Amino acid sequence: ELHRRDEGAGIDLHYRARKEKIHTSAPCHLLVVTAEHIVMCHERKLQMYSFAGTKEREWVLADVIRYIKVDGGPAGHEGLLIGLASGHVLKVHVDNPFPIELIVQATGVKCLDVSLDRKRLAVVDSEGELQVYDLSTKDVVFRASGAQSVAFNETFDDMLCFSADGQLNIRTGDQPVHQHKVDGLVVGFTGAKVFALRNGAVE
């Protein structure tokens, strides 16, 4: 928990660690944390627990969950982006029992991200094909092969970074892709900083 207090021209920040224990034997292969919940995935099941350890909601989806990402939103109302082995990409709100279908591909989802303005969805499939969709039309507006992971910029909505063939590839708007010889999987992209996972560490 982070508390901020303005004092004249200065800013006083106070941080208090919050620690909770959840006792459950539920199997889990993917896990994300929201402001008020822990969401665990196992095969086709998505289970949401409060920090007190109470299971509050469960979704059973059509196929195995391959990727999950928190998509922001007010505390207790966050959205989750979910990629399935069937190629379906869904959005689930933690306070709603009904998933929303965003797109359907012919191949399974390996990684995905949505742009800052929520108008484009980038999906890396199980065969390494990156496709960027316009969510209003469902048209593919950009495509690349050999991709391993993808992230939209969290500051500029027209910037995208994807890992492919031992390089980080950055695309801004409709400009040509700019390449950096950096081995690793892109896991985040904020402003001029790219975060890459390499040998078990984020750099």
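Modeller: Contact here means heavy atoms within 4.5 Å. This is a predicted model: local features need pLDDT of at least 70, side-chain atom pairs count only at pLDDT 80 or more, and totals for chains, interfaces and linings use all residues. Residues are numbered from 1 along each chain as its sequence is written, and side-chain values use heavy atoms, with hydrogens and water left out.

I pick K91. Its place is in strand β9; strands are DSSP E runs of at least two residues, helices H or I runs of at least four, numbered from the N terminus. K91 counts as buried because its relative accessibility is 19%. The cut-offs are under 20% relative accessible area for buried, over 50% for exposed, and partly exposed in between (1.4 Å probe, protein chains only).

What does K91 touch, leaving aside its neighbours within four places in sequence? The contacts are D71, G79, L80, L81, P99, I100 and L102. With D71 there is also a side-chain to side-chain polar contact at 2.7 Å. That term means a pair of N or O atoms within 3.5 Å; within protein, one must be able to donate a hydrogen and the other to accept it, and residues adjacent in sequence count only if both atoms are side-chain atoms. A network of salt bridges links K91 and D71 with R118. A salt bridge is a side-chain nitrogen of Lys or Arg within 4 Å of a carboxyl oxygen of Asp or Glu.

Now the strand itself. β9 pairs with β10 (residues 100-104) in the antiparallel sense, over four bridges; pairing requires at least two bridges found by DSSP. H88 stands opposite V104 in β10. Six residues separate the two strands of this hairpin.

Beyond four places in sequence, L46 touches residues including V39, W59, I65, I68, L80, I82 and V92.

V150 in strand β15 is in contact with residues including C111, V124 and F162. V150 counts as buried because its relative accessibility is 4%.

β15 also belongs to an open sheet of four strands, ordered β15-β16-β17-β18 with antiparallel pairing. β15 (147-152) and β18 (178-180) are the edges; each has a single partner strand, so one side of each lacks a neighbour in the sheet. Strand-to-strand twist averages 20 degrees, taken between N-to-C directions on a 0 to 180 degree scale, with axes fitted to C-alpha atoms, for helices over the stretch in contact. Three bridges join β17 (residues 167-172) to β18, and I170 stands opposite H178.

Last, charge. The whole structure holds eight salt bridges. R120 pairs with D157, the closest N and O atoms being 4.0 Å apart. R120 lies in β12 (residues 120-125) and D157 in the loop between β15 and β16 (159-164), so the pair ties together parts 37 residues apart in sequence.
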